[in-house]
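Here's a quick walk through one protein model, written for someone who likes cut-offs spelled out. Have the viewer open as you read.

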Amino acid sequence: MNTHTAPSPQFYLTAPAACPYLPHEMERKVFTHMVGERAPELNDLLTQGGFRRSQNIAYRPACESCRACVSVRIVAGEFKPTRSMKRVLAENTDIVSTEYPAEPSSEQYALFRRYLDHRHQKGGMSDMSVLDYAMMVEDTHVNTKIIEYRLRVEGDGIAGRANGPLIGAALTDKMGDGLSMVYSYFDPAFSDRSLGTFMILDHIRKAQDRGLPHVYLGYWVKGSRKMDYKTKFLPQEHLMARGWERYAGPDGEDMAG
């Protein structure tokens, strides 16, 4: 009889560092490695417990004096787009999304660099090299896809396919209970199309088509304006001290949709 059991993950705590979202706050993170055959199962459990994945690391905030970071997931089966979201969908009917294995390309990196240089010049990812990008995409032991968003050029000739320029991409994990958007980026030249919103709406559609109940968006940081967009996709749940709870809107009303 084989009595050996798989080792439990070991968790570590980072040193305090300046918070990238809230001024005058310090952040700490607890993290663990996800490798081997148990990685997909562990990724599901940890994501459901408020962790995020970066390469083969799962982490979550462990700040001593702040609880502003809140894990957010959309209830995909009950989601109904708002009027403005319907406009975004209508304006982007010429975009086709295609899933590929988590493999990087030079075209993806060129788009990624344009995005960083325009939107996150001083962010922690601003100096990422092509090798860093490749590691971000392919260093995964879970079910990860890279989803490319391309314009359908007139004359492609094949319905449902697009051979036009790459204008967006999303690194996405498929879990047992949903899709987790690890990282997404888009061409700043198409900012008027609200591509960030469009990619989230596309993930909600994919989850609905596959019967998956959730789309995980990572952390909403209360008090950070650049994170406010995450609370617009309703209904959604936030991970609180007692578990996942239905989000009550800014006025405390039930946002059941």
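## Ground rules

This is a predicted model, so to speak of local features takes a pLDDT of at least 70, and side-chain atom pairs count only at pLDDT 80 or more, while totals for chains, interfaces and linings use all residues. Residues are numbered from 1 along each chain as its sequence is written, and side-chain values use heavy atoms, with hydrogens and water left out.

## The sheet and its helix

Eight strands make up an open, mixed sheet, in the order β8-β9-β10-β11-β12-β7-β13-β14. Strands here are DSSP runs of E, at least two residues long, and helices are runs of H or I of at least four, numbered from the N terminus; two strands pair if DSSP finds at least two bridges between them. At the edges stand β8 (95-101) and β14 (243-246), each with a single partner strand, so one side of each has no neighbour in the sheet. From one strand to the next the twist averages 35°.

Strands β11 and β12 (residues 214-221) run parallel and are joined by three bridges. Leu-179 stands opposite Val-215 in β12. Helix α5 (residues 195-209) packs on the sheet, touching β7, β8, β9, β10, β11 and β12, and its direction makes about 155° with that of β11. Those angles run from 0 to 180 degrees between N-to-C directions, with axes as lines fitted to C-alpha atoms (for helices, over the stretch in contact).

Met-175 is in strand β10 and is buried, at 4% relative accessibility. (Buried means under 20% relative accessible area, exposed over 50%, and partly exposed in between, using a 1.4 Å probe and protein chains only.) Its C-alpha is 5.8 Å from that of Asp-44, although Met-175 and Asp-44 are 131 residues apart in sequence. Beyond four places in sequence, the contacts of Met-175 include Asn-43, Asp-44, Leu-212 and Tyr-216, where contact means heavy atoms within 4.5 Å.

## Rings and charges

How many aromatic pairs does a search of the whole structure find? It finds 15, counting rings of Phe, Tyr and Trp (its six-membered ring) with centres within 6.5 Å; planes under 30 degrees apart are stacked, over 60 edge-to-face, and the rest tilted. Tyr-115 and Phe-186 have ring centres 5.2 Å apart and planes at 65°, so they pair edge-to-face. This pair links distant parts of the chain, with Tyr-115 in helix α3 and Phe-186 in strand β11, 71 residues apart. Both are buried, and both belong to an aromatic cluster that also includes Tyr-109, Phe-112 and Tyr-133.

Two charges sit over rings: Lys-29 over Tyr-59, at 4.7 Å from the ring centre, and Arg-73 over Trp-244, at 4.1 Å. The test is NZ of Lys or CZ of Arg within 6 Å of the ring centre and within 35 degrees of the ring normal.

## Cysteines

There are zero disulfides, a disulfide being a pair of cysteine sulfur atoms within 2.5 Å. The closest cysteine sulfur to that of Cys-19 is in Cys-69, 6.2 Å away and therefore too far for a bond. For Cys-69, the nearest is that of Cys-63, at 6.0 Å.

A cis peptide bond joins Leu-234 and Pro-235, with omega about 0°. Pro-235 is in the loop between β12 and β13.

His-24 isn't a glycine, yet its phi is positive, about 70°. His-24 lies in the loop between β2 and β3 and is exposed at 83%.
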